[in-house]
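Hi,

Here's the structure I said I'd pass along. Have a look at it first, and then read on for what I found.

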Amino acid sequence: MKTAVLCVFLLTVLTLPAHTASPTAKPEEVGLSSERLQRINQLIERRIASGEIAGAVTIVARKGKVVHHAAQGVMDLQSKQPMAAGSMFRIASMTK
């Protein structure tokens with residue numbers, strides 16, 4: 001039980017900056033490439049098309065500024081509910 005509570009706490013702390021009003025910037029302002037960040041969307045689209053995943057939410061931040069935040073695919077294959085940028089995920093066994 002303590003482990004589960006600790007995991008939920010850590011997940012909340014780690015994702016808090018993504019859910020608050022974090023400042024955004026153009027990728028080039030923080031030393032990243034817009035063109036290369038588009039590869040993230042392409043990778044996720046390939047995984048969705050191959051059936052490996054139903055959907056995903058991706059976020060990239062550098063120097064305290066969000067430069068990429070995207071939701072792709074669906075949350076549930078049966079309902080076809082679209083993935084939302086604020087979707088929450090159950091994460092388990094991340095260290096194995």
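Ile59 sits across from His69 of strand 2. One thing to keep in mind as you click around: this is a predicted model. The strand that pairs with strand 2 is strand 1, residues 55-62, and the two run antiparallel with 8 bridges. Together strand 1 and strand 2 make a hairpin, with 2 residues between them. If you look at the turn, you'll see that Lys63 has a positive phi, about 55 degrees.

Gln72 is part of strand 2. Is it buried or exposed? Gln72 comes out as buried, because its relative accessibility is 9% and the cut-off for buried is under 20%. As for what its side chain does, it reaches the backbone oxygen of Asn41 at 3.1 Å. Leaving aside residues up to four places away in sequence, Gln72 touches Asn41, Ile44, Glu45, Ile48, Gly55, Ala56 and Met83.

Ser87 is the other one, and you'll find it in the segment after strand 2 (65-73). Ser87 has a relative accessibility of 11%, so it counts as buried too. Which backbone oxygen does the side chain of Ser87 reach? That of Ala84, at 2.8 Å. With residues up to four places away in sequence left out, Ser87 touches Val57 and Met75.

That's what I have for now.

Cheers

How values were computed. Residues are numbered from 1 along each chain as its sequence is written. This is a predicted model: local features need pLDDT of at least 70, side-chain atom pairs count only at pLDDT 80 or more; totals for chains, interfaces and linings use all residues. Side-chain values use heavy atoms; hydrogens and water are left out. Helices (H or I, at least four residues) and strands (E, at least two) are DSSP runs, numbered from the N terminus. Buried means under 20% relative accessible area, exposed over 50%, partly exposed in between (1.4 Å probe, protein chains only). A polar contact is a pair of N or O atoms within 3.5 Å; within protein, one must be able to donate a hydrogen and the other to accept it, and residues adjacent in sequence count only if both atoms are side-chain atoms. Contact means heavy atoms within 4.5 Å. Two strands pair if DSSP finds at least two bridges between them.
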